[in-house]
Amino acid sequence: MAKTQEPTLAEDQQISLTLEQLQSLISEATKEQQKDSDSKFSELISALIETRKPYVDPGQELNKEVMRQSERQQQAAIDRNRKWAQDSCLHVKGLGGQEPGSASAFWIHRSDTGETIGVCSFCQRVISSLNPDDQRFFAMKGSNVPSQAGQRAFLDPIKAMTARFSEEERKKIIERLHFSAS
Ligand SMILES: [Zn+2]
């Protein structure tokens, strides 16, 4: 096995560098130092950011969650009551005189999208000319004078008319419109 020959330096041999070589050595060394201090600097920044984060009291968070929960329960109870009132309402005019044949309690309004809606003055149920299930209410004898908004032109009138409906209702309405058009 041949041993690699180490270059030997005589003790009195001096290292000579040109000015350029020396400058480049210094600049390399400074770069390394800069990198090191850069990473120290970003460590310091992230530590500072950490200290700026507001302290969140876990007890307070729990309180908020309990409040949110009770608000949701209250809202659910309100929704149930409204649904019950709407289901049991006959949507006819007259104080307690909800006899069959009485005038409709719906306030009718034609919106600027072309959709006609009705709002029951007792239970606030909203009916729509687009909803086939609501047609029987529009057929009721009415004594409220319908109000009407100005008309607007929409690039996509169906989209404008159905924008306020839930995804499911919108699908039903659009399917029905396609069906009646064909
Ligand atoms: Zn009603």
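Analyst: Read along the sequence, the elements of the protein follow the pattern α-α-β-β-β-α-β-α-α, where helices (H or I, at least four residues) and strands (E, at least two) are DSSP runs numbered from the N terminus. This is a predicted model, in which local features need pLDDT of at least 70, side-chain atom pairs count only at pLDDT 80 or more, and totals for chains, interfaces and linings use all residues. Residues are numbered from 1 along each chain as its sequence is written.

The sheet is open and has four strands in the order β3-β2-β1-β4, with mixed pairing. Two strands pair if DSSP finds at least two bridges between them. The edge strands, each pairing on one side only, are β3 (126–128) and β4 (147–148).

Strands of a sheet pair through backbone hydrogen bonds, either parallel or antiparallel. Strand β1 (residues 106–110) pairs with strand β2 (residues 116–120) in the antiparallel sense, over five bridges. Within this pair, isoleucine 108 of the protein stands opposite glycine 118 in β2. β1 and β2 also form a hairpin, with five residues between them. Glycine 114, in the turn of that hairpin, has a positive phi of about 105°.

With β4, strand β1 pairs in the parallel sense, over two bridges. Here histidine 109 has serine 147 in β4 as its bridge partner.

For the protein as a whole, 8% of the 182 residues count as buried, that is, 20 or more other C-beta atoms, placed from the backbone, lie within 10 Å of the residue's own.

Key:
A residue is buried if 20 or more other C-beta atoms lie within 10 Å of its own, exposed if 12 or fewer, and partly exposed in between; C-beta atoms are placed from the backbone.
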